[in-house]
Amino acid sequence: MSGLNQKRSIMTMLFALAGIILFIASAVEVAAQDGSNLVNQPVGRDASDSEIAAWDIDIEPDGTGLPAGSGTVAQGRKIYDAKCTNCHGPTASENPGDTGINPNIANRYCCTTTLYDYIHRSMPYYAPQSLEPDEIYSLVALLLNLNDIVPEDFVANATTLRAVTMPQAANYGINPWTSGVIEQPGDPWSHDKP
Ligand code: HEC
């Protein structure tokens, strides 16, 4: 290669390199512009009222959120035998501490309303949120009766459940820092812990 040709090919390479650098620089600038535009782009959409209602299922300790409906201990027994015995056993106390319900309800729950909330949101285990309000009221009546908290003729509804005081209720307190969340002192999950 002559000296002139060598110079030419070096010049060509330098031009090519400059071209590549310019290309990358402009691509980066475009990406940056897109990014800055994206910051102000609305993402997604507002949830509809029915979507919010489907998630808003909590029953608060004071009974806020309890639906209309009612149920008896006897009705609860029929539903329990059909949908709950395979895991919890006929008296709900076959596997205490595991899938046993009785006597955990008497020992652990602050409020009957929490029991309603728990059954509604999570039971039966294989089909959570499949139970109708009357079924849940009946199951709560049965489980409270099995725990000797209400008599055999108890009828559970939004009013009567609020009126039942659970055996451990006095050991729970309302945490002023967590907008009314009821907690048991010494609870390892307590919000009071640092
Ligand atoms: C397929 C098995 C299964 C079925 C069926 C089932 N459960 Fe459960 N249940 C469980 C398990 C497992 C737990 C423990 C869950 C946990 O600790 O996270 C539990 C926990 C519970 C608790 C809480 C007990 C406590 O110690 O606080 C209640 C109340 C309860 N179930 C009620 C019911 C009722 C009422 C039905 C029938 C409508 C039912 N379950 C059907 C498996 C089942």
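This is a predicted model: local features need pLDDT of at least 70, side-chain atom pairs count only at pLDDT 80 or more; totals for chains, interfaces and linings use all residues.
On the α6 side, T112, L115, Y116, I119 and H120 meet I136, L139, V140, L143 and L144 of α7. Sorted by class, this contact has eight nonpolar residues, two polar ones and no charged ones.

The largest nonpolar core has 28 residues, and Y116, V140, A141 and L143 have the most contacts inside it. Helices α3 (73-83), α6 and α7 each supply at least two of its residues, with the largest share, nine residues, coming from α7. Beyond its neighbours within four places in sequence, L143 is in contact with A92, I101, N102, I105 and L115.

Now for the loops. Most residues other than glycine have a negative phi, and most peptide bonds are trans. Here are some exceptions:

| Site | Feature | Value |
|---|---|---|
| N102 and P103 | cis peptide bond | omega about 10 degrees |
| M123 to P124 | cis peptide bond | omega near -5 degrees |
| A92 | positive phi | about 65 degrees |
| Q129 | positive phi | near 65 degrees |

P103 sits in the loop between α4 (85-88) and α5 (104-108), and A92 is found in the loop between α4 and α5 too.

Are A92 and Q129 buried or exposed? A92 has 23 C-beta neighbours inside 10 Å, so A92 counts as buried. Q129 has 10 other C-beta atoms within 10 Å and is therefore exposed.

Note on methods
Residues are numbered from 1 along each chain as its sequence is written. Two residues are in contact if their C-beta atoms, placed from the backbone, lie within 7 Å. Helices (H or I, at least four residues) and strands (E, at least two) are DSSP runs, numbered from the N terminus. Ala, Val, Leu, Ile, Met, Phe, Trp, Tyr, Cys and Pro count as nonpolar, Asp, Glu, Lys and Arg as charged, and the others, Gly among them, as polar. A nonpolar core is a set of buried Ala, Val, Leu, Ile, Met, Phe, Trp, Tyr and Cys residues joined through C-beta atoms within 7 Å. A residue is buried if 20 or more other C-beta atoms lie within 10 Å of its own, exposed if 12 or fewer, and partly exposed in between; C-beta atoms are placed from the backbone.
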